[in-house]
Amino acid sequence: MTTLNDLVRNSFEGKLPRFRPCAYYDDRLDCIRVVARDCSVLETRINPVLTVLEDNYYDAPNKRYIGFTVKGARHFCNEHGISTSTPVDLSKLLDAILRTFPEPSVQIFVNLFAQPLVKKEKIGKVALTPDPVEPVLT
Amino acid sequence: MRQPQRVGPYLDVIDARDPADSLLAVRVGVRDDSFQQVLHHARLTLVAQYYGIIQGGLMDAVHVFRGLKRPLLHAGNTAADDNVLVYCWRPERDFYWSHSQFKGEPISKEPPPKRVFAVLVREESQPNPYKVFGSVEYWSWVDEDPNLQCAPIEHGERYKKRLWSRNI
């Protein structure tokens, strides 16, 4: 009988990688995913461009929020004159989102969570191109 | 749970309810490139949720919506959001990967109350040589709408159209 453990391990050919905080571009859904921890995620929509990611089973208040998604990232960059021919500076992209969406929920989310997370995890730039396909193995 | 069944560019192909008629089934697949992105970033919990929740559970969907109400530029198509279907239901179990130092393993857990699982499927251009209707692109939990069981909160602001709902 195939177990879930086997299926997950087989996906990685038996060599489980170590999760590292990351930011990557999901080309097929045109969004940037910033993820600081691998866990079961609750996605809460802030507005049409931003979604906050929460750990479904956080055990301490400071572990509740684990990342965010910038939806329609390429579309947003194109509309706001942000070049996507080179990797996009995430902090500058968040600043552009702040200027575009003055509503308090966006201001609070970006200033109190997204920008500090980007700095803390040292996530600088994200290429808006599909990822390489090789898994990172440790 | 079963071993993935590879078909062409799809790592695995599973059944889903037909967006046009909930009594019929279509085949949807997980594209290699989509799944490789999940693997590349070591998102083991997403892998566990695919096999634990979606592979055998997508037919349990209670609602299907079409179209994301947000910009989506894909392959030069500025209206690519119209091709996205969202299947929603309330699975009985959730799965996550425990990243213990010595023995990582999948953990099965009862989901928190008032949460629903949403799976985004992109409709493939037809005819598809592999007879696959759509590609499974992403999945996550969202809060449940207080007025519509098993539907995401603010579904009217998230999605363009509800295609069908099933009585459960």
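1. Chain A contains four helices and seven strands, and reading along its sequence gives the order α-β-β-β-β-β-α-β-α-α-β. It should be kept in mind throughout this note that the coordinates belong to a predicted model.

2. As to the overall dimensions of chain A, its C-alpha trace extends over about 55 × 40 × 25 Å along the principal axes. Of the 138 residues in chain A, 40% are buried, and where contacts in this chain link residues at least 6 apart in sequence, 54% of them join residues at least 24 apart.

3. Chain B is built from three helices and nine strands, which follow one another along the sequence as β-β-α-α-β-β-β-β-β-β-α-β. Its radius of gyration is 16 Å, close to the 15 Å that the globule rule gives for 168 residues, so chain B is as compact as a globular protein of that length.

4. The C-alpha trace of chain B spans about 45 × 40 × 30 Å along its principal axes, and buried residues account for 46% of the 168 residues in this chain. Among the contacts in chain B that connect residues at least 6 apart in sequence, 61% are between residues at least 24 apart.

5. The largest nonpolar core comprises 90 residues, and the members that touch the most other members are B:Ala48, B:Val86, B:Tyr87 and B:Cys88. Helix 2 of chain B, covering residues 44-54, supplies the largest share of this core, namely eight residues.

6. The surroundings of B:Cys88 can be described in some detail. Leaving aside residues up to four places away in sequence, B:Cys88 touches B:Ala61, B:Val62 and B:His63, then B:Val116, B:Phe117 and B:Ala118, and finally B:Cys150, B:Ala151 and B:Pro152.

7. Turning to the contact between the two chains, 45 residues of chain B and 42 residues of chain A take part in it. On the side of chain B that touches chain A, the elements giving two or more residues are helix 1 (32-40) and helix 2, together with strand 5 (94-98), strand 6 (105-109), strand 7 (115-123) and strand 8 (134-143). Sorted by class, this side of chain B has 19 nonpolar residues, 13 polar residues and 13 charged residues.

Key
Residues are numbered from 1 along each chain as its sequence is written. Chains are lettered from A and ligands numbered from 1 in the order in which they are written. This is a predicted model: local features need pLDDT of at least 70, side-chain atom pairs count only at pLDDT 80 or more; totals for chains, interfaces and linings use all residues. A nonpolar core is a set of buried Ala, Val, Leu, Ile, Met, Phe, Trp, Tyr and Cys residues joined through C-beta atoms within 7 Å. A residue is buried if 20 or more other C-beta atoms lie within 10 Å of its own, exposed if 12 or fewer, and partly exposed in between; C-beta atoms are placed from the backbone. Two residues are in contact if their C-beta atoms, placed from the backbone, lie within 7 Å. The radius of gyration is taken over C-alpha atoms; the globule rule is 2.2 Å times the number of residues to the power 0.38. Ala, Val, Leu, Ile, Met, Phe, Trp, Tyr, Cys and Pro count as nonpolar, Asp, Glu, Lys and Arg as charged, and the others, Gly among them, as polar.
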